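Dear colleague,

I am passing on the structure below, and my notes on it follow. Please read them with the model open.

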Amino acid sequence: MTLPTFDHLPRVLVVEDEEPLARVVASYLERDGFEVQIAGDGVEAIARARDSAPGVIILDVGLPGIDGVEVCRAVRTFSDCYIIMLTARAEEVDKLVGLSVGADDYLTKPFSPRELVARVRAMLRRPRQSATAGGDEHAVATFGPLTIDIEGREAHLDGGLVDLTRTEFDVLAALAARPRMVFSRHQLIEAVWGAGWVGNEHLVDVHIGHVRRKLGDDPVAPIFIRTFRGIGYRMGPGE
Ligand code: CA
């Protein structure tokens with residue numbers, strides 16, 4: 001997977017079978033300058049995600065036929081675009097976070113379309129950490145065999161490119177930009193998802209879990225991302 005940079009506003013794919021809701025969401029996004037496509041079911045969603053390479057997908061969980069969870073998993077096999085899942089109940093978010101389906105963010109219905117647009121905007125303003133990394137345009141952080149090119153948005157392990165999604169990279173880059181700092185979940189959320197984000201903080205653990213797996217990091221004795229029980233995470237070895 002490549003990590004394209006957005007020189008202009010990316011295309012947004014709205015996947016929702018309730019047509020009036022899809023239209024409302026689309027019109028708010030269009031008013032904000034986004035180019036929007038709508039898909040009414042999972043099969044169409046996967047086809048459009050493949051053909052038109054949207055930068056962001058707004059994905060309802062409850063879809064006829066292939067549900068949003070399966071769509072998310074399918075899209076993740078060929079795209080690292082941002083995915084915001086829409087759920088019918090808050091409890092559903094807990095379940096999906098636990099299943100670690102690969103979404104970047106979640107919103108529970110009913111939601112304000114303004115809030116949705118704000119979240120899309122916040123995602124596209126990443127990475128925030130470059131502003132706090134001392135202004136070095138080509139900051140490369142090295143942790144043993146792992147190098148993280150923050151501006152280039154690439155991580156290499158033993159010289160090989162690590163296949164991270166955007167959010168996974170953002171979490172890793174936030175930790176790497178301040179290697180001596182123990183980040184609480186809340187601080188990582190502020191660094192990656194943005195201040196004012198409201199949701200399930202265990203989303204952080206899920207993304208950390210994905211990054212660790214892709215780095216071959218042992219959750220019991222990690223070399224790259226250390227857990228501080230009851231506090232949060234920091235770069236470096238140790239449990
Ligand atoms: Ca639906």
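Helices (H or I, at least four residues) and strands (E, at least two) are DSSP runs, numbered from the N terminus, and the expected span of a helix is 1.5 Å times one less than its number of residues. This is a predicted model, in which local features need pLDDT of at least 70 and side-chain atom pairs count only at pLDDT 80 or more, while totals for chains, interfaces and linings use all residues. Residues are numbered from 1 along each chain as its sequence is written, and side-chain values use heavy atoms, with hydrogens and water left out.

Helix H5, residues 113–124, has 12 residues and reaches 17 Å from its first C-alpha to its last, close to the 16 Å expected. Its buried residues (under 20% relative accessible area, with exposed over 50% and partly exposed in between, for a 1.4 Å probe and protein chains only) are Pro-113, Leu-116, Val-117, Arg-119, Val-120, Ala-122 and Met-123. Among the elements that cover them are helix H1 (19–31) and strands S3 (56–60), S4 (82–87) and S5 (105–108), where contact means heavy atoms within 4.5 Å.

The calcium ion has as protein donors Glu-16 (OE), Asp-17 (OD), Asp-60 (OD) and Gly-62 (O), at 2.1 to 2.9 Å; donors are N, O and S atoms within 2.8 Å of the metal (3.2 Å for Na, K and Ca), and sites may look incomplete because water is not among the atoms. Glu-16 lies in the loop between strand S1 (11–15) and H1, and Asp-60 in strand S3, so the pair ties together parts 44 residues apart in sequence. Both Glu-16 and Asp-60 are buried.

With regards
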